[in-house]
Amino acid sequence: AMTGAIPLALTDNLNFGNPHNPERFWELSQCVDGLAEGCNFFDVPVTGGNVSLYNQNPKGAVEPTPTVGLVGLIEDEAHVTPSYFQAEGDAILLVGGWGWELSGTVYVRELHNQHTGDCPQLDLPLEKRLHDGVRALIKAGLCQSAHDLSEGGLGLAAVESCVGVPTGEVALGAEICLPEHQRLDVTLFNETQSRALVSVPADQVGAAVELLIGHGIGAERIGSVQAAEAGLTFNTNGSKLHWSLAELEEAWGNSLGRLMTGETAQDA
C-alpha cells in the first residue's frame, strides 16, 4: 500500500523450531491462523510457500519467524511511490496517531532483552482504512513518499526516510516535533500498528489531511523535510536530539556488516 500498489498474491516462508514440542507447534499453528485471517480479510490468495522447521540447538529454538512476500499492481507508473523523502521543504505527516505499544517490539527486545508481553494489536478494518487512505493520497498526486510504521516505530521510519535511498538518489534530512504528553522512548519506538509517515508538498497539507480523514484515518503535520546538511532532528520538551546523515548511515546502513564481524555500533 505504501508504494501505491493493490495486493494480488502472497507467498510465505515459515521458520520455526521442532513442531513435536507443543509450544513450538502452538507458535506455528497460531502463525498460520493469523496469516489466514489476514489473507481472508484482504482477499489475497496464497499462491505458494514453504516451511523450515527444527531450527534450534540445545539452547532452544529460533524466534518464530514468518517471512511474507507480496506482489501487487500499480496501474499508473506515475503512482510508484518511494519510501524516502523527496524534496526539501515538503511537510511530514504522521498518519494514524502517535501509538503507545512497546511490548513485543525491537526496542524492548534489543535494548532491554525482554521477550514477554502481548505484541502490538492489529485492527484489520483500521489497517484497511490506512491502506485505502494512503493509496488515495498517492492517486491524488499529493504523496511524495510513504513509509509504514512497523518494525522499529517512528524513530526507525524517520531514519530510513532520510538515508534509505538507492544508489544515485539524494538523501535528505528532517526536523520532527514530538509530543510532550508521552515518554520519549515510547513515542520513538512503539510499534502500534496501522500508522505511516508520509511527505506531501507544504501547500497541500490541508488537502492531504482532509482526504485521509475522509477515509477514516487521522493525520497531523509533525515536521518538514530538510537539506542533507541539516541531518535528522527530533524536537521534544524544549530539547533537541540530532544526528548527521553520516552518523545515521554508519549506524543503520552498515549494521549488517557489523553483525557479521561481531562489531557493535559503539565500536564503530
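This is a predicted model: local features need pLDDT of at least 70, side-chain atom pairs count only at pLDDT 80 or more; totals for chains, interfaces and linings use all residues.
Local features need pLDDT of at least 70 and side-chain atom pairs count only at pLDDT 80 or more, whereas totals for chains, interfaces and linings use all residues. Residues are numbered from 1 along each chain as its sequence is written, and side-chain values use heavy atoms, with hydrogens and water left out.

Turning first to the helices (DSSP runs of H or I, at least four residues, numbered from the N terminus), helix 3 (residues 124–139) and helix 6 (residues 205–214) have axes that come within 9 Å and cross at roughly 145°. Axes are lines fitted to C-alpha atoms over the stretch in contact, with angles from 0 to 180 degrees between N-to-C directions. Gly 133, Val 134, Ala 136 and Leu 137 of helix 3 meet Ala 208, Leu 211 and Leu 212 of helix 6, where contact means heavy atoms within 4.5 Å.

Thr 233 sits in strand 11 (residues 232–236), strands being DSSP runs of E with at least two residues. Thr 233 is buried, at 9% relative accessible area; buried means under 20%, exposed over 50% and partly exposed in between (1.4 Å probe, protein chains only). Glu 175 and Lys 240 are among the residues that Thr 233 touches, not counting residues up to four places away in sequence.

Glu 175 and Lys 240 also form a salt bridge with each other (3.6 Å, N to O), defined as a side-chain nitrogen of Lys or Arg within 4 Å of a carboxyl oxygen of Asp or Glu. Glu 175 lies in strand 8 (residues 173–177) and Lys 240 in strand 12 (residues 239–243), so the pair ties together parts 65 residues apart in sequence.
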